[in-house]
Number of protein chains: 2
Amino acid sequence: MPTDALSSTFAALADPTRRAILARLVSGECSVTELAAPFDMSLPAVSKHLRVLERAGLIARRRDAQWRHCRIEGGPLKQVADWTERYRHVWEERLGRLDYYLQQLKEKEKEKGHARKQRRK
Amino acid sequence: MPTDALSSTFAALADPTRRAILARLVSGECSVTELAAPFDMSLPAVSKHLRVLERAGLIARRRDAQWRHCRIEGGPLKQVADWTERYRHVWEERLGRLDYYLQQLKEKEKEKGHARKQRRK
């Protein structure tokens, strides 16, 4: 298991079920039973995912009478966003180069079309 | 091993050495030997990390004579940024509430100070 906070967050997010649980919690706190309902999964299997999310600080659980409620916690997600932000220029430069290449291609096509029209005259 | 692209990316990022490798590649393409130099790690151990990053599409490798060069690839990082962006309101609301609470606290302190001054007069 990873020991630093950011590694725990990334490891917890590396699973589609856990990401689906977070997506559900965005619309508000809910019970473990409600959370488990849309998944074709046993309650213990869902609880295991919740424990991973809780250990990474991505959710918090509270007990209310016999119910366990979960809510999403934004802190670790903000750390992921801050970390990723440092790399924004990498993909923006790449997309910028692709845009430039497509623009050049378009202009060449336009020139060719123009030359063809001139020859026909 | 995770099968969907986003899970592979998150799993690859869940390791401080792999994130340090990406941080190094931001300043430009370099050879595997150069990449390995700052790490107290064997070349095969570094190569293993590079394979995980390559499988997740976070780096690309090319062979030039006897050298293997690596460069960072922005695409999967953009997907992480896009995914995380959906949760921005979660941490911004929380920080907003904290700001409001601190503001209220400050105002109460100001009122108390004012009341003390009035009593002294």
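Visitor: At what angle do the axes of H1(B) and H5(B) cross?

Guide: Bear in mind that this is a predicted model. The axes of H1(B) and H5(B) come within 10 Å and cross at roughly 100 degrees.

Visitor: Why are H1(B) and H5(B) called roughly perpendicular?

Guide: Angles of 65 to 115 degrees count as roughly perpendicular. The crossing of H1(B) and H5(B) is at roughly 100 degrees, so these two helices are roughly perpendicular to each other.

Visitor: Which residues meet there, in H1(B) and H5(B)?

Guide: From H1(B) you have B:Leu6, B:Thr9, B:Phe10 and B:Leu13, and they meet B:Pro76, B:Leu77, B:Gln79, B:Val80 and B:Trp83 in H5(B). Sorted by class, this contact has seven nonpolar and two polar residues, with no charged ones.

Visitor: How do H2 and H4 of chain A cross?

Guide: Their axes come within 10 Å, at roughly 75 degrees to each other. H2(A) and H4(A) are therefore roughly perpendicular. On the H2(A) side the contact is made by A:Thr17, A:Arg18, A:Ile21 and A:Leu22, and on the H4(A) side by A:His49, A:Leu50, A:Val52 and A:Leu53. Five nonpolar, two polar and one charged residues make up that contact.

Visitor: Now for the two chains together. How many residues of chain B are in contact with chain A?

Guide: There are 30 residues of chain B in contact with 30 residues of chain A. About 2,500 Å² is buried between the chains, and carbon and sulfur atoms give 71% of that area. B:Arg19, B:Tyr87 and B:Trp91 supply 22% of what chain B buries against chain A, more than any other three residues.

Visitor: What makes B:Asp4 and A:Arg19 a salt bridge?

Guide: The cut-off is 4 Å between a side-chain nitrogen of Lys or Arg and a carboxyl oxygen of Asp or Glu. For B:Asp4 and A:Arg19 the closest N and O atoms are 2.8 Å apart, so the pair qualifies. The count between chain B and chain A is two salt bridges, and six residue pairs are in polar contact across the interface.

Visitor: Which element of chain B gives the most to the side that touches chain A?

Guide: That's H5(B), with six residues. By class, the side of chain B touching chain A has 19 nonpolar, four polar and seven charged residues.

Notes: Residues are numbered from 1 along each chain as its sequence is written. Chains are lettered from A and ligands numbered from 1 in the order in which they are written. This is a predicted model: local features need pLDDT of at least 70, side-chain atom pairs count only at pLDDT 80 or more; totals for chains, interfaces and linings use all residues. Side-chain values use heavy atoms; hydrogens and water are left out. Axes are lines fitted to C-alpha atoms, for helices over the stretch in contact, and angles run from 0 to 180 degrees between N-to-C directions. Helices (H or I, at least four residues) and strands (E, at least two) are DSSP runs, numbered from the N terminus. Angles under 35 degrees count as roughly parallel, over 145 as roughly antiparallel, 65 to 115 as roughly perpendicular and the rest as oblique. Contact means heavy atoms within 4.5 Å. Ala, Val, Leu, Ile, Met, Phe, Trp, Tyr, Cys and Pro count as nonpolar, Asp, Glu, Lys and Arg as charged, and the others, Gly among them, as polar. Buried area is the accessible area (1.4 Å probe) that two parts lose on being put together, summed over both. A polar contact is a pair of N or O atoms within 3.5 Å; within protein, one must be able to donate a hydrogen and the other to accept it, and residues adjacent in sequence count only if both atoms are side-chain atoms.
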